[in-house]
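Opened the model today to look up a few residues one by one. Jotting things down as I go.

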Amino acid sequence: IDDYVDYMQHERGLSNNAINTSLRAIRAFFGFLYQSKLVRENQMKGYPLLKVRKGNIETFSIKQLRALLNAPDRRTFTGLRDYTYMLLLIETGIRLSESAEIRVEDVKLSEGVLFIRHTKNHFHRYVPIQAKMQEQLKRYMKLRGTCETEYLFVTLDEEPMKRAALQKIVSKYGKQAGINNVRCSPHTLRHTFAK
């Protein structure tokens, strides 16, 4: 195994992440062989994975953020909706999956919070929103009006926006704004919020 790791590193030039994927597969295979009593001992048990250095996570600069938020045409419904959506992501740092599940009733403007029901760890939480965000949400919800669906972000046909459609919003306006050296995604907005 040591020789194989050495071969993958030096001969094939694979990254530690790629090598660790192979090592996990070999571990699983040896675990199967041992459980099936095809080998006397599991030689991969406890075999260490290679250390992986975490790279710097890309974030938007202030200039890029301004360009991104100025890209939607806020005179149209979709432009105002998309601007509100991106502003909400940068304001709160919520995940894409969380944003797709927000309902109108989850927006507590008088309390200055947003109720997040669909979280990664299944614990509901309240996220604070500042006065500017509250005003923007009020503006958007007035334009949105009443719909058949209770979801906050809707299409022109008053259908709830799916996760895939929400994911494309940031990349669409990133292209319009000419941002090409940073990945334009909701997750980048989340990292920018954290920074």
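This is a predicted model: local features need pLDDT of at least 70, side-chain atom pairs count only at pLDDT 80 or more; totals for chains, interfaces and linings use all residues.

**Thr59**

I started with where Thr59 sits: it is in the loop between helix H2 (16-35) and helix H3 (62-70). For neighbours, leaving out residues up to four places away in sequence, I got Gln64, Val182, Thr188, His191, Thr192 and Lys195. With Lys195 there is also a side-chain to side-chain polar contact, at 3.2 Å.

**Glu98**

Moved on to Glu98, which belongs to helix H5 (residues 96-100). Its relative accessible area came out at 1%, so I have Glu98 down as buried. Which side chain does Glu98 join in a polar contact? I found Arg125, with the pair at 2.9 Å. Arg125 is also on the list of residues Glu98 touches, along with Ile116, His118, Thr119 and Lys120, again not counting residues up to four places away in sequence.

**Arg103**

Last one: Arg103, in the loop between H5 and strand E1 (107-108). At 17% relative accessible area, Arg103 is buried too. Beyond four places in sequence, Arg103 touches Arg117, Glu150, Tyr151 and Leu152. Of these, I noted Tyr151 for its side chain, which makes a 3.0 Å polar contact with the side chain of Arg103. I also checked a distance from Arg103 to Lys63: they are 40 residues apart along the chain, and their C-alpha atoms are separated by 31 Å.

Key: Residues are numbered from 1 along each chain as its sequence is written. Side-chain values use heavy atoms; hydrogens and water are left out. Helices (H or I, at least four residues) and strands (E, at least two) are DSSP runs, numbered from the N terminus. A polar contact is a pair of N or O atoms within 3.5 Å; within protein, one must be able to donate a hydrogen and the other to accept it, and residues adjacent in sequence count only if both atoms are side-chain atoms. Contact means heavy atoms within 4.5 Å. Buried means under 20% relative accessible area, exposed over 50%, partly exposed in between (1.4 Å probe, protein chains only).
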